[in-house]
Amino acid sequence: MNLTLANLFKIKEIRNKILITLGLLLVYRVGSFIPLPGVNFGEALKSLQDVGGINKLFGMMNVLTGGSLQSATLFSLGVMPYISASIIFSLLTKAVPALEKIAKEGQSGQRRINQYTRLTTVGICLLQSWFVIFGALRVENSRLLHTGVSDWFGIYCIIVMVGLTAGTLFIMWLGEQISEHGVGNGISLIIMAGIISNLYPSMASYLEGFDRGAWQTLLTFLGAWAIAVVAVVYMTKAQRRIPIQNAKHQRGRNVYGGERAFLPFKLNQANVMPIIFASALLIIPQFLGTATGITWLEQAFSSQTSGFWYVLTYTALIFFFAFFWTSMMFQPNEIAKNLQEQGSFVPGIRPGRQTAEFLESTMFRITLAGASFLAVVAIIPSFVGASGGGAMDMALLYFMSGTSILIVVGVALDMVEKLNAMLVMRNYETTMKEGEASAASGSGWGRRSS
């Protein structure tokens with residue numbers, strides 16, 4: 001089916017879903033400009049952006065969440081608390097037998113897990129809102145808060161914590177509404193919208209200080225970004241298809257089964273999760289170096305200098321979390337057991353333990369290739385940014401980073417696939433209705449002629 005805007009907006013159902021999605025995303029963007037009470041905007045925000053370690057920390061968290069921590073708005077936390085809670089329970093359901101039993105209870109068990117996730121999100125919101133108050137709003141010499149706030153600072157902290165928590169919960173509700181009534185995954189689309197919204201400020205800040213002799217750097221930047229996008233699309237769609245032979249069953253004179261299928265394994269099984277975990281941990285030593293005044297610690301793990309220890313530690317963490325995430329989500333023994341119970345097998349491999357060992361070794365090689373790709377995508381922008389100066393470096397790290405590319409490209413591909421599926425289903429239903437109508441008219445003409 002040809003996926004064009006004309007085809008999408010010709011069909012009323014798809015058009016309504018697209019308009020609902022755009023409307024809810026517009027509500028999210030409007031809420032991103034509602035300021036917190038007691039905040040003095042203007043020059044105070046500009047002075048906050050000059051704080052080294054705080055700015056780096058907020059910039060990376062904004063990339064991961066699509067939020068804007070340094071802007072001190074109602075939606076400053078973004079969806080990071082919900083993502084953190086979801087990741088925690090995704091791991092716990094594989095590690096804790098009690099939660100794994102609940103998750104296998106079907107829809108009722110999934111509702112309980114979702115309830116636990118929401119409650120955990122509230123707790124994480126309260127903790128992160130406390131960090132925003134004392135890490136952003138009350139930075140020394142920032143002049144971000146009005147002078148009268150200090151007289152009622154205890155009550156003010158409670159109001160801000162409740163407001164930021166309510167903002168995140170409202171974003172969660174918007175994401176659920178987009179997933180139910182719109183197109184694509186709502187939370188992913190909200191993150192993508194927040195990342196894309198930072199494109200204009202990042203490029204505007206770069207173009208303001210652009211030197212006419214820096215065309216070579218700009219072309220290098222655009223070329224690296226284009227190559228990264230193509231590579232991300234290729235690796236996101238890449239699969240390792242393991243052939244599966246179904247057993248034959250004979251009933252009387254008829255033979256059933258015997259078909260050959262494939263067991264698809266994504267090459268980048270962990271997606272962007274290893275980069276998220278590695279980035280979050282790698283910011284800690286840099287932030288500690290800035291807070292304690294240890295210069296060598298700050299410089300060694302600085303993303304702007306891209307030193308030896310930064311690259312080595314970042315790569316090692318990405319590989320570790322890629323294998324850790326895959327080992328938690330991929331269970332070769334269960335897959336081998338299910339294949340054996342269904343009478344299916346991998347050609348040339350005996351069912352049972354040998355099949356599990358074959359799947360595990362295959363997944364190890366796939367994860368190694370996927371982790372290598374993630375490490376390259378995550379590190380190359382830092383090298384290009386370090387060679388391009390401060391403004392170029394900021395644009396690369398906070399918008400054009402490998403993490404942002406993975407999120408935006410992955411969400412865009414998922415949305416295109418869902419729109420294509422809607423068009424194919426609509427075309428199929430239309431064809432079936434036309435076929436039934438022609439069959440009914442044909443049978444009626446036959447009766448009249450007889």
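Reader: What makes β4, β1 and β5 an open sheet, and in which order do the strands stand?

Author: In this predicted model, three strands form an open sheet in the order β4-β1-β5, with antiparallel pairing. β4 and β5 are the edges, each with a single partner strand, so one side of each has no neighbour in the sheet.

Reader: How do you know that β1 and β4 pair?

Author: Two strands pair if at least two bridges are found between them. Strand β1 (residues 239-246) and strand β4 (residues 260-266) run antiparallel and are joined by seven bridges, so they count as paired. One of the residues involved is Pro 243, whose bridge partner in β4 is Phe 262.

Reader: What makes β1 and β5 a pair, given that β5 covers residues 344-345?

Author: The requirement is at least two bridges. β1 and β5 have two bridges, in the antiparallel sense, and therefore meet the requirement. Asn 246 has Ser 344 as its bridge partner in β5, and Gln 245 stands opposite Phe 345.

Reader: Why is Thr 168 called buried?

Author: Buried means under 20% relative accessible area. Thr 168 has 2%, so the residue is buried. Thr 168 lies in helix α8. Apart from residues up to four places away in sequence, Thr 168 touches Leu 77, Gly 78, Pro 81, Thr 121 and Cys 125.

Reader: Why does Phe 321 count as buried?

Author: The cut-off is again under 20%. Phe 321 has a relative accessibility of 12%, and therefore counts as buried. Phe 321 is placed in helix α14 (residues 308-329). With residues up to four places away in sequence left out, Phe 321 touches Pro 274, Phe 277, Ala 278 and Leu 281. Phe 321 and Met 273 are 48 residues apart in sequence, while their C-alpha atoms are 7.7 Å apart in space.

Reader: How many residues of the protein chain count as buried, as a percentage?

Author: Of its 450 residues, 42% count as buried. The chain has 18 helices and five strands. Its accessible surface is about 24200 Å², and 63% of that belongs to carbon and sulfur atoms.

Reader: What makes a set of residues the largest nonpolar core, and which residues have the most contacts inside it?

Author: The largest has 59 residues, and Ile 190, Ile 275, Tyr 314 and Ile 318 have the most contacts inside it. Helix α16 (residues 353-388) gives the largest share of this core, nine residues. A second, separate core has 15 residues, among them Ile 133, Val 149, Cys 157 and Val 160.

Reader: Which residues is Tyr 314 in contact with, leaving aside neighbours within four places in sequence?

Author: Tyr 314 is in contact with Ile 275, Ala 278, Ser 279, Leu 282, Ala 378 and Ile 379.

Reader: At what angle do helices α8 and α9 pack?

Author: α8 (residues 153-181) and α9 (residues 186-197) pack at about 115°, and their axes are 7 Å apart. From α8 the contact takes Ile 171, Met 172, Leu 174, Gly 175, Ile 178 and Ser 179, and from α9 Gly 186, Ile 187, Leu 189 and Ile 190.

Reader: How many residues of this contact of α8 with α9 are nonpolar, polar and charged?

Author: Seven are nonpolar, three are polar and none is charged. Gly counts as polar.

Conventions: Residues numbered from 1 in each chain as written. Predicted model: local features only at pLDDT ≥ 70, side-chain atom pairs only at ≥ 80, totals over all residues. Heavy atoms only, no water. Axes fitted to C-alpha atoms, helices over the stretch in contact; angles between N-to-C directions. Helix = DSSP H or I, 4+ residues; strand = E, 2+ residues; numbered from the N terminus. Contact = heavy atoms within 4.5 Å. Buried < 20%, exposed > 50% of the residue type's maximum accessible area, 1.4 Å probe, protein only. Areas by Shrake-Rupley, 256 points an atom, 1.4 Å probe, with all protein chains shown as cover. Core = buried A, V, L, I, M, F, W, Y, C linked by side-chain atoms within 4.5 Å.
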